[in-house]
Amino acid sequence: MDTQSTIPLIIDGQDILISNGERRGAIVNKSDHGPVSYQGATKDLAIQAAESSARAYTAWSTTTPRERRRLLLKLAEILRNRAEEVKRVCCEEIQCGPLWADIITNDSIGLIEEYASLTTSVATGSIPFVQRGYGLVFKEPLGVVLGIAPWNAPVILGLRAVVAPIAAGNVAILKGSELSPRTHYLLASMFREAGFPLGVLNFLLHRPEDASEIFGALIQHPEIRKCNFTGSTQVGRIIASQSATALKPVLLELGGKNFTVVLDDADLGLAATEIIKGAFLNNGQICMSTDLVFATTAVAQALEAKILLLLQTIDTVPVVISTAAKEKLEMLVSDAREKGARVHTAPLVPSSSAPPNYYPPTVVSGLTTAMKLYEVESFGPVFGILSVETESQIVELTQQAKYGLSSSIISKDHYRALELARSVKAGAVHINAMTVHDEPTLPHGGVGDSGWGRFGARWGLEEFVQTKVVTFHPGSLPG
């Protein structure tokens with residue numbers, strides 16, 4: 001099939017293209033010599049993928065942990081050998097820098113290898129005490145898992161959506177993003193190259209206007225047993241409500257209004273560096289990106305001065321994913337300016353040479369709780385600094401927050417920072433580091449409007465197994 005002009009779906013190990021071009025969507029960020037469109041799924045193809053996965057589950061669920069480990073390690077080896085290709089495609093599709101592509105590709109190798117190492121432990125049950133006889137608790141896979149991945153870190157988040165379920169003995173459907181279809185297809189094809197049985201991983205894409213139809217067909221299908229979704233809170237609410245109607249559990253990692261707290265004993269040079277990194281890595285388009293800085297009044301002015309000095313040294317050309325994303329940033333910054341905030345930008349790129357969706361790294365100082373930037377996730381290279389009188393007021397503000405994904409605290413007093421971390425409502429608190437931090441050995445997820453459940457390591461595997469109790473009771477004695 002011609003995969004040069006159109007990216008296909010993968011069902012039962014076969015590339016799928018509809019001959020009449022039905023449902024094809026245009027690739028937003030095309031490469032010079034690559035595909036220009038992707039094949040969108042129809043309802044029938046979505047059902048076909050679910051049924052293919054169901055057939056594969058019968059054998060895969062009884063595959064030994066050792067065999068699952070072998071195939072996962074082969075997948076990691078393939079990704080390592082093709083890493084430069086993956087990074088290149090990723091950079092072209094989401095217009096990220098090489099640093100971000102390098103991070104999410106290398107971390108993906110670690111993620112696969114970590115799950116490979118846990119295939120035995122996830123199947124380990126227990127023998128709890130019962131009054132008479134014996135009780136056994138088994139851990140069993142769920143069945144077919146639907147993994148919906150976003151575009152902003154397409155390598156690691158694409159793999160995270162399906163590797164944990166598969167490692168635990170489930171089969172999976174990867175629903176890739178229309179904004180990163182080449183990267184997600186490339187990853188899905190590697191499962192085929194690694195030798196996974198047909199149907200253990202199927203791959204779907206769809207046009208934005210078909211999202212409701214395709215998700216509805218999948219979540220209502222009796223073979224789909226769980227869905228995991230990484231993306232916006234708005235879409236997460238829809239996913240959760242429709243899944244609840246179908247009585248299907250969900251794992252959600254949603255938006256974040258992530259903050260760094262800078263206490264009066266902080267190393268301000270360290271604070272400024274970590275804030276700049278956390279806010280502008282991948283052009284601020286990371287679920288854990290720094291959106292807010294809470295600084296005590298004792299250090300706020302000095303901290304701002306250090307941040308603005310670093311801001312003037314930035315020489316990259318940040319590009320956000322779409323015109324809509326740029327317009328949202330412009331709205332948030334304009335609202336803050338109109339309400340009295342001061343707006344600072346990195347050295348501007350001349351308009352004649354700036355890409356269409358260029359948006360300069362921006363710092364908003366004098367932020368207040370009345371400004372939209374205080375509550376609305378920016379998801380771009382913009383953050384605000386809020387000066388707060390006391391540490392107790394900082395605690396109050398953080399506990400009132402709707403989101404709760406990632407945060408950080410900068411302080412030389414580690415015990416003080418640890419005490420403060422206990423009071424922060426967030427899935428992660430990083431002391432003396434930026435808000436962007438995730439590793440294969442750690443659980444990852446949020447609270448409140450940032451979702452529920454955890455990806456990562458053994459916590460992530462536990463999301464994709466269920467427990468079964470079997471009891472033995474003494475029978476009547478012979479004779």
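Phe472 counts as partly exposed because its relative accessibility is 49%, where partly exposed lies between buried (under 20% relative accessible area) and exposed (over 50%), with a 1.4 Å probe and protein chains only. The model is predicted, so that local features need pLDDT of at least 70 and side-chain atom pairs pLDDT 80 or more, whereas totals for chains, interfaces and linings use all residues. Residues are numbered from 1 along each chain as its sequence is written, and side-chain values use heavy atoms, with hydrogens and water left out.

Phe472 belongs to strand β22 (residues 465-472), strands being DSSP runs of E of at least two residues and helices runs of H or I of at least four, numbered from the N terminus.

For helix α11 (residues 323-338), the 16 residues should span 22 Å at 1.5 Å a residue, which agrees with end C-alpha atoms 22 Å apart; the expected span is 1.5 Å times one less than the number of residues. Buried positions in α11 include Ala325, Leu329, Leu332 and Val333, along with Lys326 and Asp335. The buried residues of this helix pack against β14 (342-345), β15 (362-365), α12 (372-375) and β16 (382-388), contact meaning heavy atoms within 4.5 Å. Gly340, which follows α11, has a positive phi near 105°.
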